[in-house]
Each structure stands twice: as structure tokens, then as C-alpha cells.
Amino acid sequence: MDKVMVLATGGTIAGIGEGGAYTSGQVGVNDLLKGIVPKGVEIESEQVANVGSQDMDSDIWFKLLERIYALSAREDIKGFVITHGTDTMEESAYFLHLSVQTHKPIVFTGAMRNSTSISPDGPMNLHNALAVCAHPESAGLGVLVAMDEGIFSARDVSKTHTSHLSAFKALNTGAIGHVYYGQVHFHAKPIQKHTLQSQLALKGPTPLPKVAVVYTYVGCGDFLLNAALQAGVQGVVVAGMGNGNVNHTLLEVMAQAIKQGVVVVRSSRVGSGEVQLGEVDDMRHNFVRAGDLNPQKARVLLQLALLKTTNPQTIQEFFDTH
């Protein structure tokens, strides 16, 4: 029998309340698992944290990293399911996708409706995530997200709606599989480096560099970027307009930041598509392009990249391949 380790961190799936007025992270993992485990799957569980994912932080990320490394040594554990709030699930999943080295599947899941709401989606999402984790084809795919019958690579998935059950989508690539009442079907695989192939993997907890995200808008000045620089950031992700474009005022401060040794990544606020060479001369300024990573995921990759190097060309290679 396949054994899956469930690592719980809280979130809406463990929330209690009425309608949209609820408190996340109230239900323990053992209660979440009652009556929803697929046939043929054996489980163990640990409560790593119990917070709303707006309160997720790197300390919890490293607790997950440590537990996965420790438990991966056990031959009886075939993989991991992580219950997580939906607000920051994509960032936590991508962090582990890049940082943990294991062939065993890691599947994130959560809920858009709390556990005591009318027709909660958490039980089915968790049932399906356990099935995905136990499925033999999940091994070696890196970190996955199973939500609303979709199976997504952690690199590509994002929360795209504040409340819909179908909030999680991979706008550039689509789902890599689907799961219906525990029946798993894959039709694609991630091609970028992850987990065992990742050049950004970590062996244990280490302080992550300070990286800010600066959002652009019509008439935006340079005060947000200047504030970030004064706060001592080592890197900045600029959520530019369209193809990562910025106004002239902001462009000048971005160029100054490079001269101060701060790595600057151009991302886009659009939500899909790829930041490419165009109106901004990245080669001349030594800016890094985020490709099709959204700003919050670009920040995760940049934090890990800065642990290895501050060279923009090398960091660009990380963005191109991970």
C-alpha cells in the first residue's frame, strides 16, 4: 500500500466560519483527513503550521524543506501532500519546486471555501491530491498543485480569481493533467529544471536575500523603488506594464540600482505572456528578464539565485532554464 505523508500548514481548507467571514487555520490535519482518503492509500500526517497563507513566511518554508528531506529517507513514504492557503500557495510551491531535491512527488492543495461553508471544496481537493501523490506517474515531476480537478506544475500555476473554485490556472501552459474523483490522468510534463535538476537547490535553512516587488502604474514615480533601495534590498522585481515596460523616471532609477550592485528583474503585471527584449535595452542596462514568471514567482527565483551569484548574466540563465 502506498503511504503518503500529509504536511499541513493551515489555510482556508482548515478554516471555520460562515460564508466569506471565516478564520483560516482552525482545523487540525487529522480532522481534515476524516473520510476522504482514497482506497489503497495509507497516510501519516504532521501539523507543520496552522496559519492563513497571507501569514506564510520563509520560516515555514524551511520547516517544510527540512521535513521533506528527513522523511524522504524513509522508503515507505512515497510522496507528500501539503495543505496550504490559496493566497500564497503558488509561491510556496515554486519555492520547493526549485529548492528541494527529491524524486518523490510533492502535491499542494487547499480550498476556496472554508471547511464549514455550504458545499466546501476542500475534502474533494484533498482526496484528489492524495490520489495524485500516490500515482506512479507523479514521481519526478517536481512540485505539483492539485485544485478543482486540475493538476498543475508549480512553476506555471497561479491564483487567478479571488473566490471562484476554478481560481487556479496555468495561463501560459495549461494544466499538465486532471484528476476526477481520484482518477488521475497526465498529458504533459514540466520541461524546466526543478528538484533534482535544479541549480538553486538548498540543503537546509539559510537566510534569504531581501528582494522587493515594485508595481508600476500610470504616472508612477520612483519613490517606491527608492524606498526599496534605501531599505537595503539585494534585488528588485519590477512589475512593468505590458512587455515589462516602465516610464523614463523609473528606468533611470533602475539603471542606478544596477550600478549600486542591486539585481533588477523586469517582470510584467499583465498575468500571462513573456517579457522579451523590446523597448527596454536589457543588454545595455544589465537587467534580467523574468520570461513568463509573474512578479511574485520571479521574486522567489531571484531570492534563490542571489544565494549563488549577483551576476546578471548568470541569473538570466537561471530564469531561462528554471
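Modeller: Buried means under 20% relative accessible area, exposed over 50%, and partly exposed in between (1.4 Å probe, protein chains only). This is a predicted model, in which local features need pLDDT of at least 70, side-chain atom pairs count only at pLDDT 80 or more, and totals for chains, interfaces and linings use all residues. Residues are numbered from 1 along each chain as its sequence is written, and side-chain values use heavy atoms, with hydrogens and water left out.

Biologist: Is Ile36 buried or exposed, then?

Modeller: Ile36 counts as buried, because its relative accessibility is 11%.

Biologist: And where does Ile36 lie?

Modeller: Ile36 is in the loop between helix 1 (29-32) and strand 4 (41-51); helices (H or I, at least four residues) and strands (E, at least two) are DSSP runs numbered from the N terminus.

Biologist: Which residues is Ile36 in contact with, leaving aside neighbours within four places in sequence?

Modeller: They are Pro123, Leu126, His127 and Leu130, where contact means heavy atoms within 4.5 Å.

Biologist: A new topic: what is the order of the strands in the open sheet?

Modeller: Eight strands form it in the order 4-1-5-6-7-8-11-12, with mixed pairing (two strands pair if DSSP finds at least two bridges between them). Strand 4 and strand 12 (183-186) are at the edges with a single partner strand each, so one side of each has no neighbour in the sheet.

Biologist: How many bridges join strand 8 to strand 11?

Modeller: Two bridges join strand 8 (residues 150-153) to strand 11 (residues 177-180), and these strands run antiparallel. Gly150 stands opposite His178 in strand 11.
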